[in-house]
Amino acid sequence: MTTAWIAGVGDTSFGRHEGVDTLDLMSAATRAALDDAGMTRADVDGVLTGYSTAMPHLMLASLFAEHFGLDPSYCHSMQMGGGTGCGLVMLAKLLVESGQCDTVLVAAGENRLTSTGGRDSVIQTLAQVGHATQEVPFGATIPGYYGLLASAYMAAYGITEEDLAELAVLMRTHAALHPGSHLTDPITVADVMASRPIATPLKLLDCCPISDGGVAVIVTADKTRSKGVRLAGAGQAHQHQHISAAPSLSQFGGGPAAARAFAQAGLTPKDVEVAGVYDSFTITAAILLEEIGLAERGEAAARARAGDFGPKGVLPLNTHGGLLSFGHSGVAGGMAHFVEVVRQMLGKADARQMPARPEIGFVHGDGGILSSHVSLLLTQS
């Protein structure tokens, strides 16, 4: 079977980009990825995109192909919430491995912060992910759902709000080393605790910002035009759509998705040398790290406090700052974890670079309220 290789990655800074739209940000990221790959538009025969809340077009993939001057033989968009970015990369892998495409562009971008209606419009749109009759009419919001999950998690494992704050501090420390981060001012656990309540027990600094930004990845069948990093495994799990219908409050699907990816790659969680894990809220990161097996139950925050997840720790995590501080611009926010892991594996993470280039990287995306999960394994050739 053909192997799927990473040919190039590109991104924009995250934060506020006044006067640009979804297509502008996708174009900027794609130009950077093509330059990184040493490729041209003519090399791309597959185009994959997600969605944009700021530009809710029914055919975003072909819209972007037309806008950017691409002539793909395969063109497709996808919606899996926050899992979309990893889902797109997984689909690119499958298209290359099956021989359907030779080189696939995955592009995402959104002016989620500065679009008309801005942050308030996005929050209202995202809240509709809840159940139309059993959740949304009662005023549920995305932070509200995660606040409930945080309360249940804290009660189950004896975790405090200060413990969860450690993950916010970790991400801000990492983001300070990335010139493209949305938020870089240093914070402490005390700052997190003093930030205004959003959905008890979550406070403002437990939540990711809403950002503008774009990210692109190019996957190819041609090893000679790759960076020497291959997509070795991928897996998904979708155990529920609505949190009120979740069969478990400790097994959401992250574990099964990761297990499928690890099995395909012939690896285990203990083999991972660098990780990018979805962190829309501090509680999201804690739950996913533990369910996937990258931390023991109830120990994610303690390991953050101990330095295990820093660039020089035993398992560097979200070294770009994650959604919590690098920023969250929708589909591109989830893809930024993937780009950072690739850069660490290529030794191109600049001030954030791990002391030794990692051989094995893991990325996990989560959509909805921990409802759609996609895991990816990357290995050096």
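This is a predicted model: local features need pLDDT of at least 70, side-chain atom pairs count only at pLDDT 80 or more; totals for chains, interfaces and linings use all residues.
Let's start with the strands. Strand 2 covers residues 46–49 and strand 3 covers residues 74–77; the two pair in the parallel sense, over four bridges. If you want a spot to look at, find Val47, whose bridge partner in strand 3 is Cys75.

To get from strand 2 to strand 3, the chain passes through helix 2 (residues 60–68), and this β-α-β crossover is right-handed.

## Helix 1 against helix 2

Helix 2 also meets helix 1 (residues 22–37): their axes come within 11 Å and cross at roughly 65°. Angles of 65 to 115 degrees count as roughly perpendicular, so helix 1 is roughly perpendicular to helix 2. The crossing of the two helices is right-handed.

Which residues of helix 1 and helix 2 meet? From helix 1 come Thr22, Leu23, Met26, Ser27, Thr30, Arg31 and Leu34, while helix 2 brings Leu60, Leu63, Phe64, His67 and Phe68. By class, this contact has seven nonpolar, four polar and one charged residue.

## Helix 6 against helix 9

On the helix 6 side, the contact is made by Leu164, Leu167 and Ala168; on the helix 9 side, Thr282, Ile283, Ala285 and Ala286 take part. Six residues of this contact are nonpolar and one is polar, with no charged residues.

Notes: Residues are numbered from 1 along each chain as its sequence is written. Side-chain values use heavy atoms; hydrogens and water are left out. Contact means heavy atoms within 4.5 Å. Ala, Val, Leu, Ile, Met, Phe, Trp, Tyr, Cys and Pro count as nonpolar, Asp, Glu, Lys and Arg as charged, and the others, Gly among them, as polar. Two strands pair if DSSP finds at least two bridges between them. A crossover is right-handed if, with the strands pointing away from the viewer, the path from the first strand over the helix to the second runs clockwise. Axes are lines fitted to C-alpha atoms, for helices over the stretch in contact, and angles run from 0 to 180 degrees between N-to-C directions. Angles under 35 degrees count as roughly parallel, over 145 as roughly antiparallel, 65 to 115 as roughly perpendicular and the rest as oblique. A crossing is left-handed if the near helix is turned anticlockwise from the far one by less than a right angle, and right-handed if clockwise.
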